[in-house]
Amino acid sequence: MTDRTAALKAARTKDSTDKRGRVLAALNAMQTAGQPITAAAVAAAAGVSTWLVYADGIREHFQAARQHQATAGTPTGNPGPDPQPATPASLRTDLAIARSEIHRLRNDLNKMRERLRLQLGAEIEQPDRAELIARVGALESANQQFLAERDARAHEADTAQRRVSELEDELTAARESLRRVIRATNR
């Protein structure tokens, strides 16, 4: 693995460990406070998504806390002395909220996958540093050669321009001389 990949993997592992620690701390705090323990409540208290509450290693603690509340007589649903049974409307609302959350999470997952795909593609396609240095050196060498050729061509053009001027002067003089000879011959 490259250093970048190892660093990304280490950061991801640390983030996962932090989130799992927050979930366990939220479970303990809710259990101590006597609050009803539900997956949504624990996830909201820990600032994570609900799927993490059901992940291996966390699910056992979550189920144990719910079991403890059930045996201790602490309500796991609505707080209060007389909890009301769920109505079909409230269940439909909960289902709609859950579906909305699932849709949002799937969109987030797709965006993250696309970003990761692009990042990994860029890392794979990125040229080697030594290759880039060699290429820059070759380009600088070619640039120096082109500059030298340009200067040589400019010198040749100046010499040719001077020669053209001299030849034009000689041609003008020859024409003038020819005219004089023609006039003198005509007289």
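The backbone nitrogen of Ile37 is placed 3.1 Å from a polar atom of the Gln69 side chain, where a polar contact denotes a pair of N or O atoms within 3.5 Å, one able to donate a hydrogen and the other to accept it within protein, with residues adjacent in sequence counted only if both atoms are side-chain atoms. Gln69 belongs to helix α4 (residues 59–72); helices (H or I, at least four residues) are DSSP runs numbered from the N terminus. With a relative accessible area of 2%, Gln69 is buried, the classes being buried under 20%, exposed over 50% and partly exposed in between (1.4 Å probe, protein chains only).

The model is predicted, and local features need pLDDT of at least 70, side-chain atom pairs count only at pLDDT 80 or more, and totals for chains, interfaces and linings use all residues. Residues are numbered from 1 along each chain as its sequence is written, and side-chain values use heavy atoms, with hydrogens and water left out.

Rolling a probe the size of a water molecule over the atoms shows where empty space is left. On a 1 Å grid over the protein atoms alone, a pocket is an open set of points where a 1.4 Å probe fits, with protein on both sides within 12 Å along at least five of seven lines, and lining residues have an atom within 4 Å of a point. Grid points are joined across faces, edges and corners, and a volume is the space filled by probe spheres set on the points.

The largest pocket holds about 880 Å³ of space. Its lining comprises 23 residues, of which Arg12, Asp15, Lys19, Leu109 and Met112 are the closest to the centre. Arg12, Asp15 and Lys19 are also linked in a network of salt bridges. At least two lining residues are supplied by each of α1 (3–33), α3 (50–53) and α5 (88–125), and α5 gives the largest share, 10 residues. The lining consists of 11 nonpolar, four polar and eight charged residues; Ala, Val, Leu, Ile, Met, Phe, Trp, Tyr, Cys and Pro count as nonpolar, Asp, Glu, Lys and Arg as charged, and the others, Gly among them, as polar.

The second largest pocket contains about 230 Å³ of space. Among the residues lining this pocket are Ala40, Ala43, Asp94, Ile97 and Glu101. Two or more lining residues come from each of α2 (39–46) and α5, with α5 contributing the largest share, five residues. By class, six residues of this lining are nonpolar, two polar and two charged.

Side chains of opposite charge can pair when their charged atoms come close. The structure holds 11 salt bridges, each defined by a side-chain nitrogen of Lys or Arg within 4 Å of a carboxyl oxygen of Asp or Glu. In one of them, the closest N and O atoms of Arg104 and Asp108 are 2.9 Å apart. These two residues are separated by about one helical turn, because they lie four residues apart in helix α5. Arg104 is partly exposed at 41% relative accessible area, and Asp108 is partly exposed at 32%.

Glu114 and Arg117 form a further salt bridge, at 2.4 Å from N to O. Their spacing of three residues in helix α5 likewise amounts to about one helical turn, and Glu114 is partly exposed, with 36% relative accessibility. In helix α6 (residues 129–186), Glu176 and Arg179 lie three residues apart, about one turn of the helix. The closest N and O atoms of their salt bridge are 3.1 Å apart. Glu176 is partly exposed at 30% relative accessibility, as is Arg179 at 43% relative accessible area.
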